[in-house]
Amino acid sequence: MSVLGGDAPALEIAGAVAARHVSARAVVAAALERVGKRDASLNCFTAVLRDTALGEAERIDRTIAAGGDAGPLAGVPFAVKNLFDVAGVTTLAGSRIYRERPPANQDAAAVAALRRAGAVLVGCLNMDEYAFGFTTENTHYGPTRNPHDPTRIAGGSSGGSAAAVAAGLVPLSLGSDTNGSIRVPASLCGVFGLKPTYGRVSRAGVVLFAGSLDHVGPFARSVRDLAVAFDALQGPDSADPVCAERPAEPCAGVLERGIAGLRIGIAADHFARLAEPAALEAVERVARALGATRRIVFPEAHRARLAAMLITSSEGAHAHLENLKRRAGDFDPRTRDRFRAGALVPASYYLHAQRFRAWFKERVREVFRDVDVVLTPTTPFPAPRIGAPSTTIVAGVEVPMRSHLGVFTQPWSFIGLPAISTPIADPGPLPLGVQLVAPPFMEASLFRVAARLQKDGVVASPVVSARA
Amino acid sequence: MSEADVERLAALLGLPIEPESRAAVAEMLAGLLTAARMLAEFPLPDDAEPAPIFRP
């Protein structure tokens, strides 16, 4: 493995750059070359920032040559979902309408944080319009294709972010997650994706979808890379009104700690229904590897998902109401009528959903008194085909093909719990993720379990090379 | 949920919806209202306040 290759982990790149075994410029140039060769077929990127990336890499090389510390991610190429502000670039949020906006005048907090850590931004990534979807079948910018099978979706809404990492175009990316938009594409593309606790990572400079439920977080192909990126991102930020005031709690140092003392359970009931056998078997494999046997029921999880749908539809529609009134024809046909329907939901139903959220949070808190980490499938099935029919049959029941992808992720983002989607090793023809969930601000427990699983070869994210 | 219902509700908001889209919006709104009714069936205690926090 060369640090110039697409399979190089972020931290090996940073180590080699810091030791001057390779220049940041050469690493970034190699990443840009991979993007140039492969993105025409995958359609992950909506902007490639070649000149600024090479300039930034040269600045890092000069810092290191002068004996300076360029940061824990020195020279690591990364890319971000195009709803993060990037100075000098128009923030599209997957839309045609925002194309008319002026370029952002500063980076989103999360982008600035990774840059401060030495990472080099190489471009912006495709997504569902305004983050309203699980598929990245974007009508304006085209679908992002799954590197494991280009006839299939990458998942969404952070589809470009997951596919770019899976294909080895970059070792690190950022996405956002309101109902599963980091974890679903991580599962379908076979990479690690972290949705941190609500308020753990600043959303300043990010186009919000449904502010009550919006989170941002990283994707990577190794647990260590994911942890180091999370450590660079986490912490208070007064520019995001929901960002937690508690200080950062770094996780990279816990990876060798093992899982001794952690009580690990398997989510039952809602989380064991309406999934294909392969998704449930992936959870069982992980449970066996961890010695977990206890089945745990989270009361009313199915209603939590319904409440999340109502909050998302109402808040998302409100955010775009003026444009829905004035220029509905410029919306993606895949989102337009869903936004309109959300705009018509009576306020009482929305408020009931917010009250249910408070109730559900307390019930789940009670359950987590007796368990530290819970396992569930991330998605109920692997990646559907691009343009697939609107419904499918799962366990004998007809379900909506696209919205059902979030059936196991929505109940957790609804109450802001941290979750990592881990890619099961040797899943068969297509990747599948197993979701690890913990109580608020207990990301460290998730990282300890994920590190153990990766070390034991139970989960793995090999890079998907170009097909001949 | 009929197309006429959608037309009336949208008019209250000042949201124009062209006739050819009303059936699709009606179907999606019906789905959301079904979800809302399933949620409303669950009795919440009076002290369950809406979740968002406002810090003055």
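Colleague: What makes β1(A) and β3(A) a pair, and in which sense do they pair?

Modeller: This is a predicted model, by the way. For strands to pair, at least two bridges must be found between them. β1(A) and β3(A) have 3 bridges, in the antiparallel sense, so they pass that mark.

Colleague: Which strand does β2(A) join, and over how many bridges?

Modeller: β2(A), residues 77-81, is joined to β8(A), residues 172-177, by 3 bridges, and the two run parallel. In β8(A), A:Leu174 is the partner of A:Val80, and A:Ser173 is the partner of A:Ala79. β8(A) also pairs with β10(A), residues 215-220, in the antiparallel sense over 6 bridges. There, A:Gly175 stands opposite A:Gly217.

Colleague: What order do the strands of the open sheet take?

Modeller: There are 11 strands, in the order β1-β3-β2-β8-β10-β9-β16-β17-β13-β11-β12 of chain A, and the pairing is mixed. Neighbouring strands are turned by 30 degrees against each other on average, direction ignored.

Colleague: Why do β1 and β12 of chain A count as standing at the edges?

Modeller: Each has a single partner strand, so one side of β1(A) and one side of β12(A) have no neighbour in the sheet.

Colleague: What makes β3(A) largely enclosed by the rest of the structure?

Modeller: A residue is called buried if 20 or more other C-beta atoms lie within 10 Å of its own. In β3(A), 6 of the 6 residues are buried, so the strand is largely enclosed. Helix α2(A), residues 24-42, lies across β1, β2 and β3 of chain A, running at about 20 degrees to β3(A).

Colleague: How many residues of β8(A) are buried, and which way do they point?

Modeller: 6 of its 6 residues are buried, and the strand is described as mostly covered. A:Leu172, A:Leu174 and A:Ser176 point one way, while A:Ser173, A:Gly175 and A:Asp177 point the other way, and all are buried.

Colleague: Let's turn to helices. What makes α14(A) mostly covered?

Modeller: 11 of its 13 residues are buried. Among them are A:Leu446, A:Phe447 and A:Val449, along with the charged-class residues A:Glu443, A:Arg448 and A:Arg452.

Colleague: How do you know that the reach of α14(A) is close to what is expected?

Modeller: The expected span is 1.5 Å times one less than the number of residues. For the 13 residues of α14(A), 443-455, that expectation is 18 Å, and the helix reaches 18 Å from its first C-alpha to its last. After it comes A:Gly457, with a positive phi near 75 degrees.

Colleague: Which residues of α1(A) are buried?

Modeller: They are A:Ala10, A:Leu11, A:Ile13, A:Ala14, A:Ala16 and A:Val17. These buried residues pack against α2, α3, β8, β10 and α7 of chain A. The helix is followed by A:Arg20, whose phi is positive, near 60 degrees.

Colleague: α7(A) crosses α4(A), I gather; at what angle, and with which hand?

Modeller: Their axes come within 8 Å and cross at roughly 115 degrees, and the crossing is right-handed. A:Ala110, A:Ala113 and A:Leu114 of α4(A) meet A:Ala229, A:Ala232 and A:Leu233 of α7(A).

Colleague: Why does that contact count 6 nonpolar residues and no polar or charged ones?

Modeller: Ala and Leu both count as nonpolar, so the contact of α4(A) with α7(A) has 6 nonpolar, no polar and no charged residues.

Colleague: Last one: how many residues of chain B are in contact with chain A?

Modeller: 26 residues of chain B are in contact with 27 residues of chain A, where contact asks for C-beta atoms within 7 Å. On the chain B side, α1 (3-13) and α2 (19-40) each supply at least two residues, and α2(B) gives the most, with 11. By class, that side divides into 23 nonpolar, 2 polar and 1 charged.

Note on methods: Residues are numbered from 1 along each chain as its sequence is written. Chains are lettered from A and ligands numbered from 1 in the order in which they are written. This is a predicted model: local features need pLDDT of at least 70, side-chain atom pairs count only at pLDDT 80 or more; totals for chains, interfaces and linings use all residues. Two residues are in contact if their C-beta atoms, placed from the backbone, lie within 7 Å. Helices (H or I, at least four residues) and strands (E, at least two) are DSSP runs, numbered from the N terminus. A residue is buried if 20 or more other C-beta atoms lie within 10 Å of its own, exposed if 12 or fewer, and partly exposed in between; C-beta atoms are placed from the backbone. Axes are lines fitted to C-alpha atoms, for helices over the stretch in contact, and angles run from 0 to 180 degrees between N-to-C directions. A crossing is left-handed if the near helix is turned anticlockwise from the far one by less than a right angle, and right-handed if clockwise.
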